[in-house]
Protein chains: 2
Amino acid sequence: MARKEFQVTPYEVQGNIDYDKLVKEFGVSKLTDNLLKRLKKHTGDLHFMLKRKVFFAHRDLKWLLDEFENGNKFFLYTGCGPSGPIHLGHLQTWKFVKWLQDKFDVELWFQFTDDEKFLFKDKSYDEIQEWTKENMLDVIALGFDPKKTHFLIDTKHSGLMYPEAVKISKKITFSTVKSSFGFTNENNIGSIFYTSMQAVPAILPSVLEGKNIPCLIPLGIDQDPHFRVARDVYPKLNFYKPSILHGRFLPPLVGEGEGKASTSKGNNNIFTTDSQEEVENKIKKYAYSGGQNTIEEHREKGGRTDVDVSFQYLRMLFEPDDKKLAEIKGKYESGEMLTGELKDILIEKINTFLKEHQEKREKAKDKIDEFIYKP
Amino acid sequence: MARKEFQVTPYEVQGNIDYDKLVKEFGVSKLTDNLLKRLKKHTGDLHFMLKRKVFFAHRDLKWLLDEFENGNKFFLYTGCGPSGPIHLGHLQTWKFVKWLQDKFDVELWFQFTDDEKFLFKDKSYDEIQEWTKENMLDVIALGFDPKKTHFLIDTKHSGLMYPEAVKISKKITFSTVKSSFGFTNENNIGSIFYTSMQAVPAILPSVLEGKNIPCLIPLGIDQDPHFRVARDVYPKLNFYKPSILHGRFLPPLVGEGEGKASTSKGNNNIFTTDSQEEVENKIKKYAYSGGQNTIEEHREKGGRTDVDVSFQYLRMLFEPDDKKLAEIKGKYESGEMLTGELKDILIEKINTFLKEHQEKREKAKDKIDEFIYKP
């Protein structure tokens, strides 16, 4: 059977993604055991997303660790495109970022790309501003340290960001963004300029401090093209190229082959604001099962964990304990555990997480101002 | 003899400009006697640049005067691209703007497009910042009222301007800027976005006041394409289209057929920082003469004021007195006045102006802060 065509840019993730092919196409490197060992020296343990290759590839991580070991601390940079509710795919990256911040005790610059979402989506400016506020609550609820975490909102911080974006933009042609992002002559001119704004946080702390500071960007691999373009520019402006850690996509509920979990695909995702009932209903109704057609057949042949979305959500996000995960895997693959039972485990995990998250999210409403960067 | 091809965009002014053709191409209207009469009702007299059709065309001036007569005061918006010293061509527009501000007693928003000049010129960011400061001195020296004059510097005011530029940019495609400005795929992405920034000051006071305020933009006609594009966008964002007054170009010293006076053409312009000797030398050496080859021939046939650059400088900028200008014209055309004598009149005029201007320019150094807009 011919593989389905796939496409990965910041503006389109479609099809059954061949991550090995992507690594080659994008020119990134897979994380090696050696690199993971070096990381572990500093973190004490390895996050399960690293052990399980959820974060699986990188750019210049070796350099970043060299710098770190020479006393040149890095900062973290990640972000959020605020155009709708936060789904579990977002949380995957951000929980990993939180772990990195805690383990390395470093600053985090968190960009909310409200300009981007306004320019690329058929939504009003005000609507995007509302989502920006909403999405901030989810980030804060994850427990980032407000003293070390700085929110940048592109439009609100444009006084700081635009002058740097202008310098970057001078070194990028329309030809380049056309081929990197699949743009056409009918793209609006804001969308064409935008990648310059996404490039800024990787150098902004260096600009503010007046010295070069290494940067580590954990991201979903669809965001890599922005930095593939910008990394050619930074050295021309006498800045370091940032190091990048690439994550796989949490699959949408209907399973791999449909790209990535996405804000614009309603029932195909769990949102952080979903009720307990909605979570239960969505998982039971939509989560693609690796089980067999009948109980008898399942007991006999067992289920496939590699395609089962509930198992993948446990593996990628909700079951950090390797032993417990192995147990579930064994039972499901042997047929001892049915799909319904597997789904119940996931529902319980998600709902326990969301109950606490939603409480913290409510409390976060008073904390937004602490997180917004004040120049 | 075939007419030389000409081209007029904000980024290229070349050839022997056919202003009638330009009026048609750009879709602007010539100033009629009726409109001038209406203007005069409010200003008491007509500026010589209006009487002499230096400012010769417009967009929506009738609407602007209707609004004004209904008690809806407008504000003025003009600007400067800071990439080198100020020449007499700049002063032509700004002196006219000053007259409008005085006569109508209105606010003036003065934009310094430092981002544009950085993006379009082979100059460093710091160099452009230096020119921005230098150019401000010339504007201040002209005597604008600091209480009613607000400098906007694109990069410094990007916190205010970028969010509005983003809204404008969403409604402009690359196809549009490609055809309006002659861009190619090799243009940098900052230059492609830039027209959105130039569009902002025409609506910024309305944004700040939370109500629609009419805007009048006096400009050299090469800047019209920016607003031809933006005027399609403003109503979509519920703002008025601005009214525009279009000026002809002060010719370069070597005469018409060479486009417009320009910062990048050294000896072809008089700069505000030129010494008395430099002015004398440039006019004597480079100012294209409408006179005859020999004194005898000149006495017999007379000179041509229509192509004589010295006469045009007097007509367009340095001799407001119609009677005196007519006298000079008569004498030069009859052959009574030689080119050298005509040049001496102009040199005297320029140097008298520059002596005072340079003193005021020096004093302006302490006044910059008064003029920079504080949100």
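In chain B, strand β5 (residues 75-80) and strand β6 run parallel to each other, paired over five bridges; strands here are DSSP E runs of at least two residues and helices are H or I runs of at least four, numbered from the N terminus, and strands pair when DSSP finds at least two bridges between them. This is a predicted model, in which local features need pLDDT of at least 70 and side-chain atom pairs count only at pLDDT 80 or more, while totals for chains, interfaces and linings use all residues. Residues are numbered from 1 along each chain as its sequence is written, and chains are lettered from A and ligands numbered from 1 in the order in which they are written.

Is β6(B) buried or exposed? Five of the five residues in this strand (108-112) are buried, meaning that 20 or more other C-beta atoms, placed from the backbone, lie within 10 Å of a residue's own. One face carries B:Leu108, B:Phe110 and B:Phe112, and the other B:Trp109 and B:Gln111.

Now for a helix pair. Helices α7 (residues 125-141) and α17 (residues 339-364) of chain B have axes that come within 8 Å and cross at roughly 115 degrees; axes are lines fitted to C-alpha atoms over the stretch in contact, with angles from 0 to 180 degrees between N-to-C directions. Among the residues that meet are B:Leu137 of α7(B) and B:His357 of α17(B), where contact means C-beta atoms, placed from the backbone, within 7 Å.

Methods:
Contact = placed C-beta atoms within 7 Å. Buried ≥ 20, exposed ≤ 12 C-beta atoms within 10 Å, placed from the backbone.
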